[in-house]
Amino acid sequence: MKNINFKQVAATALLFSGLGATQSYASEVEHFSIGTAGQTGVYYVVGQSICKMVNRETKEHNLRCSAPSTGGSIANLNSIRSGGLNFGTVQSDWQFHALNGTSNFEAAGPYKELRSVFSLHSDIFTLVTRADANIKTFDDLKGKRVNVGNPGSGQRATMLTLMKEKGMTLSDFKLAGELKSAEQSQALCDNKVDAFVMVAGHPVANVKEATSTCSTHIIDVTGPAVDKLIAQYPYYSEAKIPGGMYEGTPNDVTTYGLKATLVVSTDTSDKVVYNMVKAVFENFERFKRLHPAFAQLNPEEMITAGLSAPLHNGAVTYYKERGWIK
């Protein structure tokens with residue numbers, strides 16, 4: 001009879017027991033996703049930062065978060081609606097339009113299952129130009145090479161909204177570029193475009209890249225068309241980019257903006273939303289240190305400002321526990 005190595009048998013049994021426990025744990029973990037935008041923008045940092053907070057506590061709540069780079073606000077909203085994403089970072093204007101089935105969402109109709117989670121930093125409409133392009137106002141973009149943003153991005157849609165108010169179309173430009181945010185700074189400095197627009201919290205990496213690599217200006221975006229948009233839509237307001245934040249722009253830049261918001265749908269469970277919100281607000285000081293645009297955030301404003309869609313029940317439960325809402 002062949003000798004049996006009982007120590008080896010025991011070790012093997014222990015190994016498979018451990019594997020079984022690992023597989024069991026893995027099968028219990030629920031994964032969810034947060035759509036962001038280009039990797040050089042603040043939305044990507046938002047998603048990664050939230051996931052960092054959530055994933056620190058995976059052993060407690062059995063949730064695991066990922067935050068892929070996406071096409072931006074409109075792409076995120078469409079993906080949430082189709083079930084491709086759970087959450088998405090979106091501009092407050094496109095949250096409003098998705099909920100009500102207006103503007104870019106008219107064909108799809110109102111998205112009544114859309115829910116708010118909280119708002120974040122201010123997203124500021126930003127026009128960056130080459131210093132040698134002789135662009136001093138928004139109207140000077142006519143006849144120039146302008147990167148308006150990739151299809152599906154909030155920046156492109158916001159740009160088109162302002163252009164419509166001013167009676168402009170893409171044909172007014174010598175070139176209407178569709179580069180993603182991560183590509184447009186190099187295009188500007190390589191003299192492939194004369195200007196690009198961003199709708200972002202500041203400071204933002206790709207604006208910093210452009211302004212430190214080549215000679216640029218950030219232009220005021222003001223006037224009757226902007227004033228009309230601010231008066232007509234509650235999610236717009238005047239905004240400023242501080243002078244000296246970027247090379248080539250020593251003075252404050254006056255423009256307008258809105259709020260970055262985090263949204264979800266009723267298809268995502270109360271458990272997931274509750275624990276995601278809890279992870280952020282119970283590590284709030286740590287969260288705010290992850291990007292300069294987060295430094296001025298405060299919970300009271302975050303659970304009201306820029307939110308058109310109703311709050312998700314999971315978020316409401318946590319906010320009531322904290323005494324922030326009744």
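Residues 24 or more positions apart account for 73% of the contacts (heavy atoms within 4.5 Å) in the chain with a separation of 6 or more. This is a predicted model, in which local features need pLDDT of at least 70 and side-chain atom pairs count only at pLDDT 80 or more, while totals for chains, interfaces and linings use all residues. Residues are numbered from 1 along each chain as its sequence is written, and side-chain values use heavy atoms, with hydrogens and water left out.

User: Is P299 buried or exposed?
Analyst: P299 is found in helix 12, residues 299-302; helices are DSSP runs (H or I) of at least four residues, numbered from the N terminus. Buried means under 20% relative accessible area, exposed over 50%, and partly exposed in between, with a 1.4 Å probe and protein chains only. Because its relative accessibility is 19%, P299 counts as buried.

User: Which residues is P299 in contact with, leaving aside its neighbours within four places in sequence?
Analyst: S116 lies 183 residues from P299 along the chain, and their C-alpha atoms are separated by 14 Å. Leaving aside neighbours within four places in sequence, the contacts of P299 are F281, F284 and W324.

User: Where is R289, and what is its relative accessible area?
Analyst: The place of R289 is in the loop between helix 11 (284-288) and helix 12. R289 is exposed because its relative accessible area is 63%.

User: What share of the residues of the chain count as buried?
Analyst: The chain has 326 residues. Of these residues, the share that count as buried is 51%.

Terms used:
Helices (H or I, at least four residues) and strands (E, at least two) are DSSP runs, numbered from the N terminus.
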